[in-house]
Amino acid sequence: MLAAIAAMLIAFSIGSNDTSNSFGISVGSGVLSFRRAISLLGIFVMLGALTQRNVMYTVGSLAELDTLLLSISLFISAFIIIFSNWKRLPISSHQAIVGSLIGAGVVAGSARLDILQSIVLSWIISPVSSMLLAMIIYSVVERLISRLPFFIAERTTSFLLLLSGIVIAYNTGANELATALGPVVSSGYLDATVAAILGSILLFAGAVLLSGRVVETVGKGITPLDAFSGFSAQMSAGMTVFTFTLIGMPVSTTYCIIGGIAGVGILKSFSSVRISLVKQIVLSWIVTPVLSFLACFIAAGLLTL
Amino acid sequence: MRWLKRFIAGGKEKEVIELFKEHINSVKLSCEIFTKAIESGDKGLLTEVCELEKTGDAIRRDIALKLYEGAFLPVMRGTLYKLAETIDEILDTLENTAVDYARLTSELDGDVRELCVKVAILNTKMSVNLMEAFEALGKEADLSDKTIKIRTREREVDAIKREIYKKLVKKEVRSFWEGKILSNFIDGLVNVSDIIEDAADLIQILNVSLR
């Protein structure tokens with residue numbers, strides 16, 4: 001029961017913080033109203049959570065944990081995610097959850113390091129592939145759109161922005177939410193369908209109640225990018241995360257979007273990429289799973305003494 | 001999902017496009033009336049130019065409202081509003097010039113009148129070209145042939161302007177105000193083509209804003 005509550009807390013937190021990934025650009029650019037964006041998010045997150053089970057299965061197989069250890073690891077993950085959101089630290093919920101589960105798994109002696117290896121490899125490959133894909137998408141779309149009359153190009157761009165937002169929303173359910181729900185589903189505390197529905201509702205509630213400020217910040221922050229750059233970054237991230245979802249790997253949409261933005265930035269001018277920001281993200285990329293691992297390892301070790 | 005259909009069809013955008021067409025059409029009508037008024041010397045026609053200016057103001061406000069409500073991507077809303085303001089400026093200039101024409105105390109000399117009619121006709125043709133350029137935003141990717149026509153005609157107007165001034169400096173005026181009103185009228189008439197060219201430039205900027 002406690003593990004399920006912690007998973008739902010994480011779902012709520014994903015809703016409050018990650019809504020901006022899917023529709024931040026669309027809301028910021030005026031393509032969608034906030035209310036409409038939230039409705040679309042709710043629909044596609046639930047669709048993603050109900051139709052994709054691969055990530056749930058992978059994360060659930062990371063470690064065989066008893067009720068106590070599972071609850072500890074999910075509560076520590078929830079605490080780290082909520083604390084980071086509150087402090088506005090750019091962390092990935094996947095990394096917090098995986099780090100915690102492995103921490104508890106090592107204490108229990110059931111951690112599956114082979115799966116961890118694949119996941120870490122996915123974390124390295126996914127932003128890089130998103131970056132390369134963004135470069136391809138940007139080049140192709142820019143060429144195609146430049147052949148269209150202005151009014152048709154404008155409609156097409158708006159539609160593409162909406163489409164990329166929908167893909168990301170679907171991934172939020174299929175990958176991000178699935179990562180939070182995987183451990184409780186594989187432990188048998190919740191049925192996969194029930195977990196997907198409950199998780200989606202909690203995520204939706206988080207989005208409705210707390211995401212407004214984040215969506216606005218991301219929207220305004222990314223809008224100075226031209227419409228194609230925004231679309232290319234978002235679509236490349238959406239396609240990358242979707243591909244990794246199909247092979248059951250929990251990867252971060254946020255990092256893939258950052259990879260996509262960097263890709264477009266490199267294509268336009270390498271100097272436009274803020275190296276200091278990249279360093280900060282890489283640091284967070286290393287610190288988050290290590291911190292989650294250590295926190296859970298120590299807490300689980302103390303409680304099982 | 002009615003909003004989705006409307007979104008894909010671009011409901012708000014279509015409304016703005018229609019308003020722009022109406023706005024440019026007001027410019028065309030105003031230029032035509034102005035030409036007729038100078039040709040015939042019927043100053044009574046000019047009240048219609050003032051009416052069209054009021055219509056233009058209302059259209060500009062409607063465009064601003066629709067853009068504020070979310071028509072078009074934000075990156076291009078500024079240029080679209082600037083275009084509406086520029087079209088409005090053409091109508092304002094035509095109105096001010098009409099008032100100056102109505103206040104002229106003496107009739108225009110035959111050759112100056114002829115040159116003024118030429119400018120008015122060129123202004124009308126440029127307004128037609130402006131409409132063509134705007135309509136091409138929905139049909140063609142390259143507008144350069146449309147905007148080149150406008151630039152060429154603007155140069156013709158500049159040449160006629162120099163001819164008019166050559167003739168005007170030889171003309172004797174009875175009072176300061178007679179000379180000032182005449183000068184304002186000529187300046188206003190030739191200035192219309194400059195503003196139409198500015199509007200064409202904005203259309204060209206819009207066209208490349210998504211490239």
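1. In α7(A), T157(A), L160(A), L161(A), S164(A), G165(A), V167(A), I168(A), N171(A), A174(A) and N175(A) meet A227(A), G230(A), F231(A), Q234(A), M235(A), A237(A), G238(A), V241(A), F242(A) and T245(A) of α10(A). Contact means C-beta atoms, placed from the backbone, within 7 Å. By class this contact has 11 nonpolar, nine polar and no charged residues. Nonpolar covers Ala, Val, Leu, Ile, Met, Phe, Trp, Tyr, Cys and Pro; charged covers Asp, Glu, Lys and Arg; the others, Gly among them, are polar.

2. This is a predicted model: local features need pLDDT of at least 70, side-chain atom pairs count only at pLDDT 80 or more, and totals for chains, interfaces and linings use all residues. Residues are numbered from 1 along each chain as its sequence is written, while chains are lettered from A and ligands numbered from 1 in the order in which they are written.

3. The axes of α7 (residues 150-186) and α10 (residues 227-246) of chain A come within 9 Å and cross at roughly 30 degrees. α7(A) is therefore roughly parallel to α10(A) (angles under 35 degrees count as roughly parallel, over 145 as roughly antiparallel). Axes are lines fitted to C-alpha atoms, for helices over the stretch in contact, with angles from 0 to 180 degrees between N-to-C directions. The crossing is left-handed, meaning the near helix is turned anticlockwise from the far one by less than a right angle.

4. In chain B, the axes of α5 (residues 110-136) and α6 (residues 144-168) come within 9 Å and cross at roughly 165 degrees. α5(B) and α6(B) are therefore roughly antiparallel. Their contact divides into 13 nonpolar, two polar and 10 charged residues. α5(B) passes α6(B) in a left-handed crossing.

5. Between the chains, 20 residues of chain A are in contact with 20 residues of chain B. On the chain A side, α6 (113-146) and α7 each supply at least two residues. α7(A) gives the most, with nine. By class, this side has nine nonpolar, six polar and five charged residues.

6. Chain A has 12 helices and zero strands. Helices (H or I, at least four residues) and strands (E, at least two) are DSSP runs, numbered from the N terminus. α4 (residues 67-87) of chain A has 21 residues and reaches 30 Å from first C-alpha to last, close to the 30 Å expected at 1.5 Å a residue. R88(A) follows α4(A), with a positive phi near 60 degrees.

Technical notes. Angles under 35 degrees count as roughly parallel, over 145 as roughly antiparallel, 65 to 115 as roughly perpendicular and the rest as oblique. Two residues are in contact if their C-beta atoms, placed from the backbone, lie within 7 Å. The expected span of a helix is 1.5 Å times one less than its number of residues.
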